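Colleague: I am new to this structure and would like to be taken through it. Could we go step by step?

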Amino acid sequence: MTTGAADVIVVGAGPAGAATAILLAEHGVAVQLLDRARFPRPKICGEYLSPEAPRVLDRLGVLKTVDGLATPLAGMRITAPDGTVVIGTYRTVGDWRPYREHAMAIERARLDEALVERVRALPIDFREHVRVIDVLVERGEVRGVVAVDRDGRAARLRARLVIAADGRASVVAERLGLRHGHRLKRMALVTYVSGLDGCRDYGEVFVDPPDYAIINPVAADRGNLSIVVPLAHAAPWSGRLETFFTARAKHLQHLARRLAGARIVAPVGAMGPLAYEVDAPRVGGVLLVGDAAGFVDPFTGEGIYAALRGAELAVETAVGALRSGDCSRQALAAYRRARRLAFGGKARVTRALQFVISHRGLANLTAHVLAQRPGLLDVLLGVIGDFVPPKALVTGLVR
Ligand SMILES: Cc1cc2nc3c(=O)[nH]c(=O)nc-3n(C[C@H](O)[C@H](O)[C@H](O)COP(=O)(O)OP(=O)(O)OC[C@H]3O[C@@H](n4cnc5c(N)ncnc54)[C@H](O)[C@@H]3O)c2cc1C
């Protein structure tokens with residue numbers, strides 16, 4: 001493996017890493033982007049894109065391509081445990097206007113490939129089939145990584161800054177001792193269905209504690225179906241996930257009714273535990289973006305948007321640090337503060353929603369309140385859709 005000099009090594013070329021590399025390259029920074037996989041690579045995901053994600057995709061130069069591949073979603077149709085249905089739309093709320101008045105459903109293979117295609121069009125040293133196995137830490141700062149290519153050749157790759165975008169199993173976070181478990185222990189089971197009747201314009205959510213399910217129409221006659229269950233319920237079925245999935249889908253009565261006539265058309269993928277936490281690095285020379293920086297639950301569908309927005313924030317800090325020649329922990333602390341500002345409020349809303357969807361009575365009550373006040377549901381969808389600040393929910397409640 002050749003070890004060309006880079007200013008920044010980005011580990012992982014999913015949405016977080018590809019976006020980071022693109023933005024850095026546009027600032028004239030020499031970037032080496034490493035991924036253990038070859039694209040397109042499989043990724044278990046609900047395949048929903050928040051209405052604010054197109055703003056970043058536009059900045060990255062891929063929105064036109066993505067528009068041609070995605071299904072626009074005008075809003076979400078939510079079914080409560082008692083069958084109450086509420087429908088929210090993505091629309092301008094007060095002064096808060098979404099970048100697009102719709103969310104999107106798009107297969108990850110297509111979205112991620114669109115981003116990687118943009119990477120390939122830029123002067124970025126992009127290497128697939130290169131797995132990072134360790135980080136080089138010298139005098140309290142990360143100075144590079146140890147990586148292995150597909151022939152098993154190891155190399156020490158050096159850079160002024162390492163940006164970890166290596167997803168939920170981040171080797172960088174793990175080697176730096178930053179990753180730990182979360183009290184929420186859930187597992188997601190994901191597949192595709194076809195033969196669904198109607199409703200191509202909305203995402204559909206079925207809340208039925210302790211489970212919930214989401215359908216996203218990613219293409220004509222193809223819906224992404226995810227069911228999220230307690231990890232302990234799924235664990236005994238690890239060898240027979242298809243059986244467990246089918247039984248669970250039948251058990252969720254409103255989902256079962258919706259799926260009448262539909263059929264599963266792909267193997268069931270599983271991922272769990274879904275939630276984990278990642279501390280901020282205690283050393284300099286490193287930033288974490290996307291899932292490498294932590295993940296809670298796909299219910300509020302913010303993972304890809306957070307990956308893209310996190311990349312923007314990381315690049316702002318990285319470019320300043322590289323220019324000043326100081327990539328110390330203190331110099332990079334601006335990124336931690338920017339993340340807190342960007343994601344802190346939404347994280348609190350996510351925690352509150354997790355509580356609501358875990359309690360049948362509360363989930364029903366919330367649905368009844370939202371059914372009476374559709375405007376409030378649109379505000380909530382705006383918050384979930386990343387274009388309305390969470391504080392608007394409080395204002396919305398007292399209005
Ligand atoms: C079940 C489920 C459903 C979800 N549904 C949604 C949804 O509907 N909408 C949404 O917005 N988000 C959703 N998410 C979250 C979303 O999938 C992630 O937040 C998003 O993929 C994060 O992007 P990323 O670039 O950080 O990580 P990834 O997309 O995981 O990319 C990480 C990349 O790093 C590479 N890599 C890993 N380790 C190494 C290594 N050691 N060396 C080199 N390369 C490495 C991998 O090959 C991969 O390409 C869901 C997540 C789950 C688990």
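Modeller: One convention comes before the rest: helices and strands are DSSP runs, numbered from the N terminus, where a helix has at least four residues and a strand at least two. Please also keep in mind that this is a predicted model.

Colleague: How many helices and strands does the protein chain have?

Modeller: There are 13 helices and 20 strands in the protein chain.

Colleague: And what are the spans of the C-alpha trace along its principal axes?

Modeller: They come to about 60 × 50 × 40 Å. The radius of gyration of the protein chain is 21 Å, which agrees with the value near 21 Å that a compact globule of 399 residues would have.

Colleague: What share of the residues is buried?

Modeller: Buried residues account for 49% of the 399. As for contacts with a separation of 6 or more, 74% of them join residues 24 or more positions apart.

Colleague: Which residues have the most contacts inside the largest nonpolar core?

Modeller: V8, A19, V162, I163, V172 and V289 do, in a core of 125 residues.

Colleague: What does I163 touch, leaving out residues up to four places away in sequence?

Modeller: I163 touches V8, V10, T20, L287, V289, A314 and A318. Two of these, V8 and V289, were also named with I163 among the residues with the most contacts inside the core.

Colleague: Let us change topic. Which domains does the assignment give?

Modeller: Domain 1 covers 6–70 + 106–181 + 275–346, domain 2 covers 73–105 + 359–398, and domain 3 covers 186–271. The centres of domain 2 and domain 3, taken over C-alpha atoms, are separated by 22 Å.

Colleague: How many residues does each of those two give to the contact?

Modeller: Domain 2 contributes 16 residues and domain 3 contributes 15 residues. On the domain 2 side, the elements that give two or more residues are β5 (75–79), β7 (103–105) and α11 (360–372). β5 gives the most there, with five residues.

Colleague: What is that side made of, by class?

Modeller: The side of domain 2 that touches domain 3 has 10 nonpolar, four polar and two charged residues.

Colleague: Now the ligand. Which residues come nearest to it?

Modeller: G12, G14, G46, G290 and G303 come nearest, out of 41 residues around the ligand. The elements that give two or more residues to this shell are α1 (15–26), β9 (131–138), β13 (186–194) and α9 (303–324). α9 gives the most, with four residues.

Colleague: Which domains supply at least three residues each to the shell?

Modeller: Domain 1 and domain 3 each do. By class, the shell around the ligand has 23 nonpolar, nine polar and nine charged residues.

Colleague: I was also looking at V171. Where is it found, and is it buried or exposed?

Modeller: V171 is found in helix α5, residues 171–175. It counts as buried because it has 23 C-beta neighbours inside 10 Å, and 20 or more are needed for that.

Colleague: What is V171 in contact with, apart from its neighbours within four places in sequence?

Modeller: V171 is in contact with V132, I133 and D166. From G303, V171 is 132 residues apart in sequence and 19 Å apart in space, C-alpha to C-alpha.

Colleague: Finally, the backbone. Where are cis peptide bonds?

Modeller: One joins F39 and P40, with omega about -5°; P40 has its place in the loop between β2 (31–34) and β3 (48–49). Another joins P209 and P210, with omega about 10°, and P210 is found in the loop between β14 (202–208) and β15 (211–219). These deserve a mention because most peptide bonds are trans.

Colleague: What about phi of H129 and D386?

Modeller: Phi is near 60° for H129 and near 75° for D386. Most residues other than glycine have a negative phi. H129 lies in the loop between β8 (125–127) and β9, while D386 lies in the loop between α12 (374–384) and α13 (391–398).

Colleague: Are these two buried or partly exposed?

Modeller: H129 counts as partly exposed because it has 13 C-beta neighbours inside 10 Å. D386 has 24 C-beta neighbours inside 10 Å and therefore counts as buried.

Technical notes: Residues numbered from 1 in each chain as written. Predicted model: local features only at pLDDT ≥ 70, side-chain atom pairs only at ≥ 80, totals over all residues. Domains from an automatic or database assignment. Contact = placed C-beta atoms within 7 Å. Nonpolar A, V, L, I, M, F, W, Y, C, P; charged D, E, K, R; others polar. Near = placed C-beta within 6 Å. Rg over C-alpha atoms; globule rule 2.2 N^0.38 Å. Buried ≥ 20, exposed ≤ 12 C-beta atoms within 10 Å, placed from the backbone. Core = buried A, V, L, I, M, F, W, Y, C linked by C-beta atoms within 7 Å.
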